[in-house]
Amino acid sequence: MRKVIYWVHTSVDGFVDGPNGEFDWPVMGQELAAYSDGLDSRVDTLLFGRVVWAMMAGFWPTAEEISDDAHVAKFAPFWRATPKIVLSRTYAGDDWTTAVVEAEAVAELKQQDGRDLLLTGGIGAAAALTEHGLIDEYHVAVHPVVLGGGRPLFAHPADRLNLRLVNSVVADGRVVINHYERA
């Protein structure tokens, strides 16, 4: 069975963005980029919530024209070539969207042949998938910044979520990446 892997960046105080929605604080060094690339190598499908999708679709189609960063140069072609599924009840999709499904449909995707699925960032889609017990691995990159507000990584889960730490690494001497599985 395919796994759903959740990959997210958070501040030390547990926010995925700042008080005004800013996401200008994660620093993507070589080791953090390599960790991200390692997750990419395990998957053949990308999952996004609606809010993160808007950010991704606004940047990655022409990312190399905007940035000369090595991670951008490596990830952009992967992003364009990989099927992308948006989790939404209302979004109709766009030219870059392979499919739009509701969270419950991810259970069927997990049963299909293929490699794992990667949910990147956001909290809404992650909360919905967590509620349905569909996330198998949580990879949380904790950046050394205190934002003082924003959207919390886990916003009011309906039930307790017990996790088991699989591994913890420090990337670039500054970002702690914790890899958890459901306990």
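**View 1. Salt bridge between arginine 2 and aspartate 44.** In this predicted model, arginine 2 and aspartate 44 form a salt bridge in which the closest N and O atoms are 2.6 Å apart. Arginine 2 belongs to the segment before β1 and aspartate 44 to strand β2 (residues 43-49), so the pair ties together parts that are 42 residues apart in sequence. Arginine 2 counts as buried, at 5% relative accessibility, while aspartate 44 is partly exposed, with a relative accessible area of 25%.

**View 2. Salt bridge between aspartate 17 and arginine 151.** The closest N and O atoms of aspartate 17 and arginine 151 are 2.8 Å apart in this salt bridge. Because aspartate 17 lies in the loop between β1 and α1 and arginine 151 in the loop between β6 (137-143) and β7 (163-171), the pair ties together parts that are 134 residues apart in sequence. Aspartate 17 is buried, with a relative accessible area of 7%, whereas arginine 151 is partly exposed, with a relative accessible area of 30%.

**View 3. Lining of the largest pocket.** The largest pocket, with a volume of about 810 Å³, is lined by 29 residues, of which His9, Phe23, Met55, Met56 and Trp60 are the closest to its centre. The elements that give two or more residues to this lining are β1 (4-11), α1 (30-40), α2 (50-59), α4 (70-81) and β5 (116-120), and the largest share, five residues, comes from α2. Sorted by class, the lining of the largest pocket has 16 nonpolar, eight polar and five charged residues.

Conventions. Residues are numbered from 1 along each chain as its sequence is written. This is a predicted model: local features need pLDDT of at least 70, side-chain atom pairs count only at pLDDT 80 or more; totals for chains, interfaces and linings use all residues. Side-chain values use heavy atoms; hydrogens and water are left out. On a 1 Å grid over the protein atoms alone, a cavity is a set of points where a 1.4 Å probe fits but cannot get out, and a pocket is an open set with protein on both sides within 12 Å along at least five of seven lines; lining residues have an atom within 4 Å of a point. Grid points are joined across faces, edges and corners, and a volume is the space filled by probe spheres set on the points. Helices (H or I, at least four residues) and strands (E, at least two) are DSSP runs, numbered from the N terminus. Ala, Val, Leu, Ile, Met, Phe, Trp, Tyr, Cys and Pro count as nonpolar, Asp, Glu, Lys and Arg as charged, and the others, Gly among them, as polar. A salt bridge is a side-chain nitrogen of Lys or Arg within 4 Å of a carboxyl oxygen of Asp or Glu. Buried means under 20% relative accessible area, exposed over 50%, partly exposed in between (1.4 Å probe, protein chains only).
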